[in-house]
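I opened this entry to keep track of what I looked up, in the order in which I looked it up. The notes start with a helix and go on to cores and rings.

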Amino acid sequence: MPRNTAMRRVALILLPWVLLLALWYALRYSGLVNPALVPAPHEVAQRFAALMQDRLPMDILMSTQRVFIGVALGTLAAVPVGFCLGWYRGLRTFIDPVINFFRALPPIALIPLVIVYFGIGEIAKTVILFYASFFAGVIVMYEGIAQISPIYVRVARTLGANDLEIFGRVIVPLTVPHILTAVRVALGVAWATLVASELIAAQQGLGALIQNASAFFQLDIIYVGIICIGFIALAMDLLLRAATRRMVAWQDRLA
């Protein structure tokens, strides 16, 4: 990549963040809002540095671990279910209303029942994240599978492939992009659900950090927690996008 092109790409990546910081400072010092309600970016950065010497590394580790386990289990369950729903139209017609019913239920509404059935330990938090990841993954999977053109199967049969060969050499490769997309969507939903899952008596985690700070009106700590969630989710999404580009390099893409 030429030097000028690389510098331009870096500038394009950094520019939105610079504009966001400028907007943040402008709002902070504009007088439109009470300055006590909007901590300045440098104040949040100072609080972040202080928390990194204290509890923040463990909070990040605990939240990332919970999200990873919830997404992994949810995706493992969602992929075969989504595949069956996408491949068998009759099954999809039969079960689709039930899937959409549960998908519409916010995970936070289930917290009282989760506490009753699973207690207040790590299992309960994992169940909430699993629930959110599973239904997000199922929807992406079965919509993707349902859109696979049957012409690929017909061509394979014309060339003499049996059902096992069609599944291994046609269906599985065509399914990989949808699996990776399902993981990405489930990951985003899981991070969005994290704070709700950590309402269940969590002592550590970014959600617990935010909730404890809100009880004492520590807005700079709340900002730290929110920004950490955003950047960790962004980093994980970028890794998944890089893996997607490598694993489906054969697929024609617009971008």
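Predicted model: local features only at pLDDT ≥ 70, side-chain atom pairs only at ≥ 80, totals over all residues.

Residues are numbered from 1 along each chain as its sequence is written, and side-chain values use heavy atoms, with hydrogens and water left out.

**Bend in H4.** I found that H4 bends by about 50 degrees at Ile95, with a proline, Pro97, following within four residues; the bend is the angle between axes fitted to the seven residues ending at a position and the seven starting there.

**Cores.** I next looked up the nonpolar cores, which are sets of buried Ala, Val, Leu, Ile, Met, Phe, Trp, Tyr and Cys residues joined through side-chain atoms within 4.5 Å; buried means under 20% relative accessible area, exposed over 50%, and partly exposed in between, with a 1.4 Å probe and protein chains only. The largest core has 28 residues, of which Leu56, Val67, Val71, Leu187, Trp191 and Leu206 touch the most other members. Helices H2 (41–52), H3 (56–87), H8 (163–197), H9 (206–215) and H10 (219–247) each supply at least two residues of this core, and the largest share, 10 residues, comes from H10. Leaving aside residues up to four places away in sequence, Leu187 touches Val67, Val71, Met236, Asp237 and Leu240 (contact means heavy atoms within 4.5 Å).

**Rings.** I counted eight aromatic pairs, where rings of Phe, Tyr and Trp (its six-membered ring) pair if their centres lie within 6.5 Å, and planes under 30 degrees apart count as stacked, over 60 as edge-to-face and the rest as tilted. Tyr25 and Tyr29 are stacked, at 6.2 Å centre to centre with 5 degrees between the planes, and both lie in helix H1 (residues 3–29), four residues apart, about one turn of the helix. Tyr25 counts as partly exposed because its relative accessibility is 30%, whereas Tyr29, at 53%, is exposed.
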